[in-house]
Amino acid sequence: MEKSTNTLTNILKKTKPDSIGEYVKANTEDVFTQENPFSTYMRACVREKGLRFQEIFLRADLSEGYGYKLISGEKHTRQRDTIIKLCLGAGFSLQETQRALKIYGMSPLYARFPRDAVFISAISARIYEIPEINSLLARNGQPLLRGSEEMQND
């Protein structure tokens, strides 16, 4: 069973700074020790779902070249919408999406923000198509997902 971040934080509060190595060893399945945890996480989720990255990039409205560079870590984006689109393209659950955003270093979806509320509701209802998400955003007076052609210059 995967330990929650809160559980790990509580363990760390009781861990002496010179015992961090022991903490990492004891919690090896729950901490990110890889060089590129986002890539590792995405690849594991995609493999588990039996998907191909080409399908995901197509659904996410991202070019294949750009998508692979994001996954490999060769490129980095500051656009949260790009990571959300990857998660939508992969049909991630809300929990998987939240984790992907956190691992990438972006804020998770937050229910108090109306735009994020649209994403949370759509993902929970298993709505993953970008045009449908954009329609929901527009109907709720929220900015649409940014286009992939803009993001390739990040």
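**Helices and cysteines in a predicted chain**

Author: Helix H3 (residues 37-49) and helix H5 (residues 64-72) have axes that come within 7 Å and cross at roughly 115°. This is a predicted model in which local features need pLDDT of at least 70, side-chain atom pairs count only at pLDDT 80 or more, and totals for chains, interfaces and linings use all residues. Residues are numbered from 1 along each chain as its sequence is written, and side-chain values use heavy atoms, with hydrogens and water left out.

Reader: What do H3 and H5 bring to their contact?

Author: Phe38, Ser39, Met42 and Arg43 in H3 meet Leu70, Ile71 and Ser72 in H5, where contact means heavy atoms within 4.5 Å.

Reader: Why is cysteine 45 called buried?

Author: Buried means under 20% relative accessible area, exposed over 50%, and partly exposed in between (1.4 Å probe, protein chains only). Cysteine 45 has 7% relative accessibility, so cysteine 45 counts as buried. Cysteine 87, at 1%, is therefore buried as well. Buried residues make up 41% of the 154 residues in the chain.

Reader: How do you know how many disulfides the structure holds?

Author: A disulfide is a pair of cysteine sulfur atoms within 2.5 Å. The structure holds 0. For cysteine 45, the nearest cysteine sulfur is that of cysteine 87, 8.5 Å away, and cysteine 45 is in no disulfide.

Terms used. Axes are lines fitted to C-alpha atoms, for helices over the stretch in contact, and angles run from 0 to 180 degrees between N-to-C directions. Helices (H or I, at least four residues) and strands (E, at least two) are DSSP runs, numbered from the N terminus.
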